[in-house]
Amino acid sequence: ELLQGEVFYLNAQQRASRARTAGISAQEELRSLLGTMNSIYPTDQLNAPGIVEMPDLDSLVALLHDVNFEIRVAREARRIAKVNVLASYLAFLPRISLFYGYNVGSDSLIFDFQYYQDNAVKNYGISVNFPIFEIKQLVFGWLKARKDLQKSEFTRRRAELEAEKALRATYYTLRESLGTLELSQKSLDAANEAATISREQYALGATSFLDFLTAEQSVYDARVSYTSALRDFYVQQVNFSYLLGALTIGEGNR
């Protein structure tokens, strides 16, 4: 029992060391994200979610194309590329403009306003310019616009496929995290019940102190597993909401 107690103590020290390292890493990560040198101690609690009903995956895929930011950006880029192609076509058309003005000539350097007013010749009409000397540049511009449109089509399709793949992976991961959370809750309840029985047996002298500590350790381990499962659920829920344009699961159902 003495040797078992020493092993128990050493394992507890190792876990405490890993916990301190994880705490320091989390502090440094938060400081880097928030741009501060102060220590940060979260006060929010990870509350257990209520009854969560996962919506149908097919309906989420249909919704994804309307709310996902990556897809919307790709569609906007494609729309701009189509406008550029249209502009490249219009560049081949002749440029038509109207002009209106006055012309006057004089051999004297002396400014005479009345002379200019009496001898001014009015000019107006329509100017038509054909881009004959710009054909090469216009052709290359048109080809580039068409290539950009094709590239935007591939980019849009790739964004849709990547978003659908990420949605399906996140959807099943979220379902898995829900199942893990339920099992962790049941394991925690069972560990608490076992610890209660072990505490009563130790009070009656029917079990050793080391067995009592082992039962208490099982409770703490089950609580850590439950907290980790709860954390994973909220992380997956955030990823899920990001893919659906910050929609929550409840909003997705509606």
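Guide: Begin with accessibility: a residue is buried under 20% relative accessible area, exposed over 50%, and partly exposed in between, using a 1.4 Å probe and protein chains only. This is a predicted model, in which local features need pLDDT of at least 70, side-chain atom pairs count only at pLDDT 80 or more, and totals for chains, interfaces and linings use all residues. Residues are numbered from 1 along each chain as its sequence is written, and side-chain values use heavy atoms, leaving out hydrogens and water.

Visitor: Is tyrosine 234 buried, exposed or partly exposed?

Guide: Tyrosine 234 is partly exposed because its relative accessibility is 26%. Phenylalanine 233, at 1%, is buried.

Visitor: How many aromatic pairs are there?

Guide: Rings of Phe, Tyr and Trp (its six-membered ring) pair if their centres lie within 6.5 Å; planes under 30 degrees apart are stacked, over 60 edge-to-face, and the rest tilted. By this rule there are eight aromatic pairs. Tyrosine 202 and phenylalanine 212 are stacked, with 5.3 Å centre to centre and 15° between the planes. Tyrosine 202 is partly exposed at 36% relative accessibility, while phenylalanine 212 is buried at 15%. Phenylalanine 233 and tyrosine 234 pair edge-to-face, at 5.4 Å and 65°.

Visitor: Which residues does leucine 181 touch?

Guide: Contact means heavy atoms within 4.5 Å. Not counting residues up to four places away in sequence, leucine 181 touches Pro49, Tyr226, Ala229, Leu230 and Phe233. Leucine 181 counts as buried because its relative accessibility is 7%.
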